[in-house]
Amino acid sequence: MRSYRDLVRTPEFTPLFVSSSAQIAAQTIGGLALGTLVYEETRSPLLSAVSMFGPSLAQVLGATLFLSWADRLAPRAALAGIALAFAAGTAVLALPALPLWAVLPVLLAQGLIASLGGGVRWGLLTDILSKDGYLLGRSVFNMMSGIMQIAGYATGGALLTLLPPRAALLLSALLYTAAATTVRLGLSRRPPRAAGRPSVAETWRTNALLWSAPPRRHLYLALWLPNGLIVGCESLFVAYAPRSAGPLFACAALGMLVGDLTVGRLVPPGRRAALGVPLLVLLAAPYVLFLLRPAPLLAAALVGVASVGFGASLVQQERLMALTPDALSGQALGLHSAGMLTMQGVGAALAGAVAQLTSPAVAMTVMAGASLAVTAGLSAGLRERVRAA
């Protein structure tokens with residue numbers, strides 16, 4: 001599979017793409033609305049960051065207990081059920097009488113449910129496209145994610161100037177419902193990818209197998225840690241510039257779009273692996289300049305440039321798929337997705353805590369420095385993998 005035209009002609013790719021687009025739009029609009037609502041009520045950078053990225057913290061628990069379900073559930077039913085569960089949870093968050101303390105249990109439940117989503121979706125993508133087409137297909141999904149985040153944050157920012165945050169949360173719930181409907185009507189019924197009964201013990205056994213190989217372990221760390229620390233910077237956009245948070249998020253999505261387009265379509269396959277470490281450096285370096293407290297326009301430019309570095313994840317995912325047996329691809333990608341989102345939640349909590357003690361600008365600089373330090377520690381091993389490949 002060599003072109004975007006080949007992707008569009010592939011049966012079931014389009015409905016999976018459309019449903020994922022609706023979910024990303026719902027996530028961005030709902031996350032911005034909830035973060036704004038919590039910040040307006042508490043004026044706390046920590047609580048605002050956790051409310052936006054809190055479900056990610058529950059991913060580690062879901063990955064530990066339930067990830068074996070990713071290869072042992074019928075994909076269509078699983079994806080539709082996950083979208084409907086998010087629709088219900090987001091509608092609950094929009095209730096006017098909901099106290100602030102009740103938000104966290106809802107976010108925890110959403111995170112546990114979402115821990116299956118990545119494994120089911122990306123495992124199904126490998127079934128639809130095969131491993132040969134995975135990187136091109138995943139790059140299209142990542143670009144779509146960037147576009148939908150730009151549209152979602154721009155729309156969410158506009159809505160929040162006209163409507164209360166709870167109205168934007170209701171719109172998010174409707175988009176999740178649309179995603180579930182698209183999955184149910186557009187995808188064919190497929191059997192589970194792996195045989196056997198899912199269980200906590202099976203989840204542990206397969207996770208241990210995936211983690212036991214040093215090449216995969218190194219790739220997982222590179223996929224999780226630098227990414228999560230920089231998302232911690234993004235979680236402070238509302239606290240850093242409340243009136244410009246929407247444009248900052250949109251510029252981050254635009255930069256990610258450019259990075260994924262470059263890596264997935266423009267860079268020759270033989271040269272991709274060498275870009276892994278430089279892109280991770282680019283991901284963090286511009287945020288160091290936030291120590292100077294740049295004005296919103298310059299801050300948006302720095303964020304856009306930095307987010308090009310998210311293209312590193314495509315390089316690492318391609319290598320991960322090459323090192324993983326087909327029967328474990330769903331759980332392997334689910335472990336990547338759950339670990340990445342967990343570290344994003346951890347990054348948001350750490351950044352919020354530092355900002356609580358100092359300022360959002362200082363906290364963003366600290367998180368960027370930590371990301372650069374982690375990349376430096378991983379770089380030798382990643383370069384060895386490139387030479388081995």
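Here is a tour of packed side chains and paired rings.

Before you click, know that this is a predicted model, where local features need pLDDT of at least 70 and side-chain atom pairs count only at pLDDT 80 or more, while totals for chains, interfaces and linings use all residues. Residues are numbered from 1 along each chain as its sequence is written, and side-chain values use heavy atoms, with hydrogens and water left out.

**Stop one: a core.** Select Phe 237, Tyr 240, Leu 248, Phe 249, Tyr 287, Phe 290 and Met 364: of the 42 residues in the largest nonpolar core, these touch the most other members. (A nonpolar core is a set of buried Ala, Val, Leu, Ile, Met, Phe, Trp, Tyr and Cys residues joined through side-chain atoms within 4.5 Å; buried means under 20% relative accessible area, exposed over 50%, partly exposed in between, with a 1.4 Å probe and protein chains only.)

**Stop two: a ring pair.** (Rings of Phe, Tyr and Trp, taking the six-membered ring of Trp, pair if their centres lie within 6.5 Å; planes under 30 degrees apart are stacked, over 60 edge-to-face, the rest tilted.) Tyr 240 is buried at 18%, and Phe 290 is buried at 0%.

**Stop three: a cluster.** Select Phe 13, Phe 17, Trp 122 and Phe 141, which ring pairs link into a cluster. Is Phe 17 buried or partly exposed? At 24% relative accessibility, Phe 17 counts as partly exposed, whereas Phe 141 is buried at 1%.
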